[in-house]
Amino acid sequence: MINLPGMDGVAWRGFVYAIFILNFVFACQLFLLPPLVSALGGKSGNAAELFERVTQSVKMKRYSEALDDLNAAIEADSTLSEAYWHRASILRQICRYEESEKNYKLLLLLNPRNSAAEKELSQLSQSQSALETALSLFETGGFAKALDYVDKVVLVFSPACTKAKLLKVKLLLATKDYSNAISESGYLLKEDENDLDALLLRGRAYYYLADHDVAMRHYQKGLRLDPEHGELKKAYFGLKNLLKKTKSAEDNVNKGKLRLAVEDFKGALSLDPNHLAHNVHLHLGLCKVLVKLGRGRDALISCTEALNIDGDLIDALVQRGEAKLLTEDWEGAVDDLKSAAQKSPQDMNIREALMRAEKSLKLSKRRDWYKILGVSKTASVSEIKRAYKKLALQWHPDKNVDNREEAEAQFREIAAAYEVLGDEEKRTRYDRGEDIEDMGMGGGAGGFNPFGGGGQQYTFHFEGGFPGGFGGFNF
């Protein structure tokens, strides 16, 4: 040991001890005081300034800065109970529940009678439980109830909980409330413009509103931030494929390639059955093409799908009316076209279509002379005459003594049909849809009666005659 002049052993030990104490104090100042001084704004012990700064950080939603200040203060003074309270409250608000609970419990150890802290700890428990319940309901399809839990509990006690806010946007999407989903995700992007989840969800909301350009911009921004983000890639390429299929269908319609257009429309519809705002136009486009192709039944299905999505879609009503005309549903066609005309009374094309349908309905209610004779509407004169002769022989009352009454009725109809179709002028007028019921024919309705008034014998004259003869007939 080195002895300094004039110092004995006791004095020397006192000197060393003093040096040790000074070094210890210096170390404390070096390592412990700066965090506290920093946390308290450079004024040791000024807790009021610390908590004011924390409060301002929370108001500005700079939660990380507030927590950094509080962490430094607690590290410098582990008995600073109010710092624990502030930290517990912030952690609860951002739904870091386990950390928040620990801080409330540490606070209650320091201040066991703090009823306000006990109340907030209870709110934490309610919020945590409500969030877990909402997540479970979301997975099982209970979207409306899940929204209630998020809005009325979680975001009341944890208003800065990003997880809950994202869940709310997902629930709004699931309930097809796309406008509110856009608003809520917009708030998240104001807090963090690079939030990938918010970009994805907001893009989906615009997508389901068929605002595809804006949706695409959200997906693209997200992919610039993270090119390998799985869900963003799926959404982006899914939208690109949908737009490509839709354009191909429209191009084929314009080129007159209707059968190819049908396949493209069907392909586009298969990509996302839930995209109603876009699919309504695909169904309508498909219906129009099918009407042009004369495929009435298929067109009817497509137009009905469009109207199931938007019951006020005038174009779909018109096209479904046209499809019903193709399937000879005259009354249905009139109903649809009349509804369309009421919604758009100035549209002359709709009025013309309605007039066609009403005429078809009227024609459908008169006797179909072609059907009675069993010939087509394009049958020749000779075909009509042959059919008439055959049926007249078959149903002549003298050949049907056991069912004479039915035979007379049938025979009367056959004769009336031939009276119209066997006369070129009358047939032309009948084919034009003119009402010729008052021309002196139409068995049973007053007029043409091959049996006279008292059931007397009627004589038919056929050019060329029948082979053989029947009582009362001259050929």
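Modeller: Before we look at any residue, note that helices (H or I, at least four residues) and strands (E, at least two) are DSSP runs, numbered from the N terminus. By that rule Glu322 falls in helix H17, which covers residues 314-326.

Colleague: What kind of model is this, and how are the residues numbered?

Modeller: This is a predicted model, in which local features need pLDDT of at least 70 and side-chain atom pairs count only at pLDDT 80 or more, while totals for chains, interfaces and linings use all residues. Residues are numbered from 1 along each chain as its sequence is written, and side-chain values use heavy atoms, with hydrogens and water left out.

Colleague: Is Glu322 buried or exposed?

Modeller: The general idea is a threshold on relative accessible area: buried means under 20%, exposed over 50%, and partly exposed in between, using a 1.4 Å probe and protein chains only. Glu322 has a relative accessible area of 17%, and therefore counts as buried.

Colleague: Which residues is Glu322 in contact with, once its neighbours within four places in sequence are left aside?

Modeller: Contact means heavy atoms within 4.5 Å, and by that criterion Glu322 is in contact with Val291, Ala353 and Arg356 when those neighbours are left aside. A separate value is the C-alpha to C-alpha distance from Glu322 to Gly332, which is 9.9 Å for two residues 10 apart in sequence.

Colleague: How is Asn103 to be read in the same terms, and which residues does Asn103 touch?

Modeller: Asn103 lies in helix H6 and, at 6% relative accessibility, counts as buried. Not counting residues up to four places away in sequence, Asn103 touches Tyr84, Arg87, Ala88 and Leu91.

Colleague: Turning to the cysteines, how many disulfides does a search of the whole structure find?

Modeller: A disulfide is a pair of cysteine sulfur atoms within 2.5 Å, and searching the whole structure gives 2 disulfides. If the bonded cysteines of the protein chain are numbered in sequence order, the pairing reads 1-2, 3-4.

Colleague: Which parts of the chain does the pair of Cys95 and Cys161 tie together?

Modeller: The sulfur atoms of Cys95 and Cys161 are 2.1 Å apart, and the link is right-handed, with 75° about the S-S bond. Cys95 lies in the loop between helix H5 (81-93) and helix H6 (97-110), and Cys161 in the loop between helix H8 (143-157) and helix H9 (162-174), so the pair ties together parts that are 66 residues apart in sequence. Both Cys95 and Cys161 are buried, with Cys95 at 15% relative accessibility.

Colleague: What can be said of the disulfide that joins Cys287 to Cys303?

Modeller: The S to S distance between Cys287 and Cys303 is 2.0 Å, and this link is left-handed, with -95° about the S-S bond. The pair links distant parts of the chain, with Cys287 in helix H15 (residues 276-292) and Cys303 in helix H16 (residues 296-309), 16 residues apart. Cys287 and Cys303 are both buried.

Colleague: How should I read the packing of helix H3 and helix H4, and at what angle do they pack?

Modeller: Axes are lines fitted to C-alpha atoms, for helices over the stretch in contact, and angles run from 0 to 180 degrees between N-to-C directions. Helix H3 (residues 47-59) and helix H4 (residues 63-76) pack at about 160°, with their axes 7 Å apart. That makes H3 roughly antiparallel to H4, where angles under 35 degrees count as roughly parallel, over 145 as roughly antiparallel, 65 to 115 as roughly perpendicular and the rest as oblique. Residues of H3 that meet H4 include Leu50, Phe51 and Val54, and on the H4 side Ala66 and Leu70 are among the partners.

Colleague: Are H11 and H13 roughly parallel or roughly antiparallel to each other?

Modeller: Helix H11 (residues 196-208) and helix H13 (residues 230-254) pack at an angle of about 25°, with their axes 10 Å apart, and H11 and H13 are therefore roughly parallel to each other. Leu196, Leu200, Arg204 and Tyr207 in H11 meet Glu231, Leu232, Ala235, Leu239 and Leu242 in H13.
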